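Q: I have a model open and would like to learn how to read its features one by one. Could you walk me through it?

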Amino acid sequence: MLNAMWAFALALLLAVHLQAATIPITLDSFSLNAFYSPGVNGSLVRTGAWNASFTETSWSTYVRGTPGVGQGYHYASYNETRDPPYVMYDFYGTGIEFFGYWGHLGEGKTMGGGAGASSLFVQAAGYSGAQNIRFKGRTTARTMNTAQPVSLGQVKGLTAGFYTIGLRVTDGTISFTHAVFDADFG
Amino acid sequence: MEVARQNPVFRSPVKDNELGELVRNDDFGNWTGSGWTVVPESRVLGTNIQNDSVLIDLGTGNYWMNLKGSVGTYGSVFRYALSPSPAMLYDNADTRRTYTPWEVSNVSLLATTLNPDVRYTLSLETLNNNGWDYGVQELNDAANWFDISSIELWNKDTG
């Protein structure tokens with residue numbers, strides 16, 4: 001009787017420890033799973049395109065073939081004469097959160113800071129939940145080594161399924177570093 | 001399903017032979033084409049020849065896959081095809097461009113959840129040229145590099 005109880009308790013412990021249907025997965029801004037619109041084109045960043053940058057490699061001294069050093073990110077600025085730039089991911093899961101910095105992260109020892117705003121959209125078969133989910137924030141200019149990515153917007157608690165979720169830049173500038181989505185494995 | 005991510009399996013397209021030399025790993029996949037080249041300093045296998053390809057048997061039991069390689073100014077366009085089509089991937093076959101202004105290694109090129117009950121094959125083929133017209137033919141010809149650093153698999157029977 002006692003052995004059976006121990007066996008049952010052990011089975012319960014093992015079951016609780018191993019079972020986890022949802023796991024957060026990080027994909028950074030250089031992942032090819034990220035889709036950008038307009039496409040990445042640094043020369044057009046002021047007119048709404050995305051720019052791929054690193055915090056320790058300067059565009060002012062750019063030479064083709066330079067490795068990216070430091071924090072990698074993609075940034076875009078809102079231009080009221082054009083459609084808002086956006087970045088989006090396809091995934092199977094229950095939610096996603098975008099991370100980065102409000103404003104322009106910049107390069108060198110000081111981050112530029114600034115304000116920005118985002119709006120998240122959700123595409124999925126049968127989805128009737130919220131759309132144009134808005135977030136905004138401001139970063140104070142500071143030394144780079146004290147800066148940490150913050151949440152730029154999230155959609156969570158969805159019914160497990162296939163989603164395309166994107167973040168639009170709707171004001172100011174946003175520097176996007178990575179997304180974390182809640183992958184569902186059944 | 002029990003999920004055990006703590007012991008992901010990494011497969012490398014290169015390996016050390018009995019002489020300690022870094023060579024192509026023929027257990028990684030079925031390689032086709034003359035351009036596949038070992039890059040020792042970054043431990044990747046890459047090619048700049050159009051239509052070079054590799055067919056990879058992912059096996060069964062996997063619920064997550066992450067293919068990694070380099071992106072950069074010499075990056076090309078490549079075509080991928082996962083068969084059979086996973087329910088959790090929007091496009092089981094498509095093209096992607098590995099161009100970005102900076103040279104970045106070990107970037108996620110294709111990541112997707114999989115059905116562990118299904119045995120998948122992944123085919124990759126370089127289509128050459130990143131599609132960007134530099135205005136100089138020499139630069140256009142150089143923009144056709146595609147390489148692989150690893151495939152990461154999460155298997156339900158590992159851990």
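Q: Which residue is the bridge partner of Leu45(B) in E13(B)?
A: Strands of a sheet pair through backbone hydrogen bonds, either parallel or antiparallel. Here, the partner of Leu45(B) in E13(B) is Ile148(B). Strands (E, at least two residues) and helices (H or I, at least four) are DSSP runs, numbered from the N terminus. Two strands pair if DSSP finds at least two bridges between them; strand E6 (residues 44–47) of chain B and E13(B) have three, in the antiparallel sense.

Q: What should I know about the model and its numbering before going on?
A: This is a predicted model in which local features need pLDDT of at least 70 and side-chain atom pairs count only at pLDDT 80 or more, while totals for chains, interfaces and linings use all residues. Residues are numbered from 1 along each chain as its sequence is written, chains are lettered from A and ligands numbered from 1 in the order in which they are written, and side-chain values use heavy atoms, with hydrogens and water left out.

Q: Where is confidence lowest in chain A, and where is it highest?
A: Where pLDDT is low, the predicted coordinates should not be read in detail. The score is the predictor's confidence in each residue, from 0 to 100. Chain A averages 85, and 84% of its residues score at least 70. The lowest confidence in chain A is in helix H1 (residues 2–18), with a mean of 45, and the highest is in strand E10 (residues 150–155), at 96. Over residues 7–20 of chain A the pLDDT is below 50, and this stretch has five contacts in the model beyond near neighbours in sequence. A contact means heavy atoms within 4.5 Å.

Q: What is the strand order in the sheet that holds E13(B)?
A: The order is E5-E6-E13 in chain B, an open sheet of three strands with antiparallel pairing. Strand E5 (37–39) and strand E13 (146–148) of chain B each have a single partner strand, so one side of each is left without a neighbour in the sheet. The twist averages 35° from one strand to the next; axes are lines fitted to C-alpha atoms, for helices over the stretch in contact, and angles run from 0 to 180 degrees between N-to-C directions.

Q: Which strands make up the open sheet of four in chain B?
A: The order is E1-E14-E8-E11, with antiparallel pairing. Strand E1 (9–11) and strand E11 (104–113) of chain B are the edge strands, each pairing on one side only. E14(B) pairs with E1(B) over three bridges, with Val9(B) opposite Leu153(B). Six bridges join strand E8 (residues 62–71) of chain B to strand E14 (residues 150–155) of chain B. Among the partners across them, Met65(B) faces Leu153(B) and Lys68(B) faces Ser150(B).

Q: Why is E14(B) largely enclosed by the rest of the structure?
A: In a regular strand the side chains alternate between the two faces of the sheet. Buried means under 20% relative accessible area, exposed over 50%, and partly exposed in between (1.4 Å probe, protein chains only). Six of the six residues of E14(B) are buried, so the strand is largely enclosed. Ser150(B), Glu152(B) and Trp154(B) are buried on one side, and Ile151(B), Leu153(B) and Asn155(B) on the other.

Q: How many aromatic pairs are found over all chains?
A: A pair of aromatic rings is described by the distance of the centres and the angle of the planes. Rings of Phe, Tyr and Trp (its six-membered ring) pair if their centres lie within 6.5 Å; planes under 30 degrees apart count as stacked, over 60 as edge-to-face and the rest as tilted. The search finds 21 pairs. One of them, Phe181(A) with Trp64(B), is tilted, at 6.1 Å centre to centre and 50° between the planes. Phe181(A) lies in strand E11 of chain A and Trp64(B) in strand E8 of chain B, so the pair joins two chains. Phe181(A) is buried at 4% relative accessible area, and Trp64(B) is buried at 3%.

Q: Is Thr177(A) buried or exposed?
A: Thr177(A) is buried, with a relative accessible area of 2%. This threonine is in strand E11 (residues 161–184) of chain A.
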